[in-house]
Amino acid sequence: MHRRFTGKVCLVSGAGSGIGQETAIAFANEGAKVIVADINENGGQQTLTFIKACGGEAFFIKTDISRSTDTEAMVQAAVEHFGRLDHAVNCAGVTGGVSIPTHEYPEDRWHQVLAVNLTGMWYSVKAQLNQMLKQGGGTIVNVSSAAGLKGHPNNVPYSATKHGVIGLTKTAALEYATKHIRVNAVCPTAIETPMIMDGRLNLRSNQELREKFTNEQAMMRMGQPKEVADVILWLSSDESSFITGHAMPVDGGAFA
Ligand SMILES: NC(=O)c1ccc[n+]([C@@H]2O[C@H](COP(=O)([O-])OP(=O)(O)OC[C@H]3O[C@@H](n4cnc5c(N)ncnc54)[C@H](O)[C@@H]3O)[C@@H](O)[C@H]2O)c1
């Protein structure tokens with residue numbers, strides 16, 4: 001197996017479930033020391049257990065990325081426990097939980113989704129950049145969505161925030177391109193995680209909607225969280241050393 005991250009310190013937010021959990025485990029399997037950050041303590045502890053069972057090294061910090069004090073503490077945890085921060089992945093996100101058209105969308109939900117997906121993403125990137133600038137380099141991968149590249153009916157804050165993540169990613173990529181900090185985004189389509197299987201869309205029990213989501217990919221299947229984690233690790237590794245400011249679809253051919 002590749003061991004591209006031996007001795008590196010990697011931070012993953014939203015690491016208690018789905019894509020973030022797979023990413024944290026994948027980093028650990030390649031030799032990284034991992035900071036597992038999530039608002040959900042049970043999920044975070046579960047990830048820690050998986051990593052430790054495979055002989056990996058990790059530390060969990062309960063983090064609500066919509067609070068700047070928490071995002072600063074999450075980066076500080078990397079420095080205190082493992083001495084530095086080499087690679088950050090900002091995966092924590094929410095969908096809003098309801099399907100309502102734009103003119104009726106509830107104001108409170110709009111603010112909740114913006115606070116996590118966009119403001120929380122900026123707080124996270126800001127804290128990570130401050131540490132990486134001190135060290136002289138690093139990589140950041142932000143998890144956007146296919147909904148960041150096209151509209152997403154009945155979930156306006158989700159699509160708006162995921163478009164915003166790409167603007168944030170490209171701007172930071174330009175600002176730090178000569179400072180040895182690369183900043184990229186991934187834009188997955190339908191990935192089998194609790195977010196879409198059990199959340200607002202509930203694809204686990206809604207067979208018709210599940211088929212619709214399956215058929216959107218040219219491969220006629222949904223993606224697995226590991227398939228997104230693999231792209232995130234590649235964007236974090238030296239194998240992508242000339243790539244910054246990209247918003248990369250992970251889409252089974254959907255955008256083709
Ligand atoms: N599953 C998909 O089809 C899909 C597609 C495109 C993009 N995404 C994006 O991928 C990312 C991961 O989603 P997933 O599918 O793995 O979902 P998930 O629900 O399985 O995982 C999301 C994690 O984020 C955590 N989280 C939520 N709010 C948080 C907060 N304020 N602070 C810290 N942690 C918080 C949750 O506790 C959870 O562990 C999200 O940003 C999502 O928008 C998912």
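The model is predicted.

Helix H5 spans residues 156–176 and has 21 residues. From the first C-alpha of H5 to the last, the helix reaches 30 Å, close to the 30 Å expected at 1.5 Å a residue. The buried residues of H5 include Pro-157, Tyr-158, Val-165, Ile-166, Leu-168 and Tyr-176, and also Lys-162. The buried residues of this helix pack against helices H4 (107–135) and H6 (194–197), as well as against strands E5 (138–143), E6 (181–188) and E7 (247–250).

Nine salt bridges are found in a search of the whole structure. One of them joins Glu-30 to Arg-4, with the closest N and O atoms 2.9 Å apart. This pair links distant parts of the chain, 26 residues apart: Arg-4 lies in the segment before strand E1 (9–13), and Glu-30 in the loop between helix H1 (18–29) and strand E2 (33–38). Glu-30 is buried, at 8% relative accessible area, whereas Arg-4 is partly exposed, at 26%. Arg-4 and Glu-30 are linked with Glu-239 in a network of salt bridges.

Lys-212 forms a salt bridge with Glu-216, at 3.1 Å between the closest N and O atoms. Lys-212 is partly exposed, with a relative accessible area of 45%, and Glu-216 is partly exposed at 37%. In the salt bridge between Arg-221 and Glu-227, the closest N and O atoms are 2.7 Å apart. Arg-221 is partly exposed at 35% relative accessibility, as is Glu-227 at 32%.

Definitions and conventions: Residues numbered from 1 in each chain as written. Predicted model: local features only at pLDDT ≥ 70, side-chain atom pairs only at ≥ 80, totals over all residues. Heavy atoms only, no water. Helix = DSSP H or I, 4+ residues; strand = E, 2+ residues; numbered from the N terminus. Expected span 1.5 Å × (residues − 1). Buried < 20%, exposed > 50% of the residue type's maximum accessible area, 1.4 Å probe, protein only. Contact = heavy atoms within 4.5 Å. Salt bridge = Lys/Arg side-chain N within 4 Å of Asp/Glu carboxyl O.
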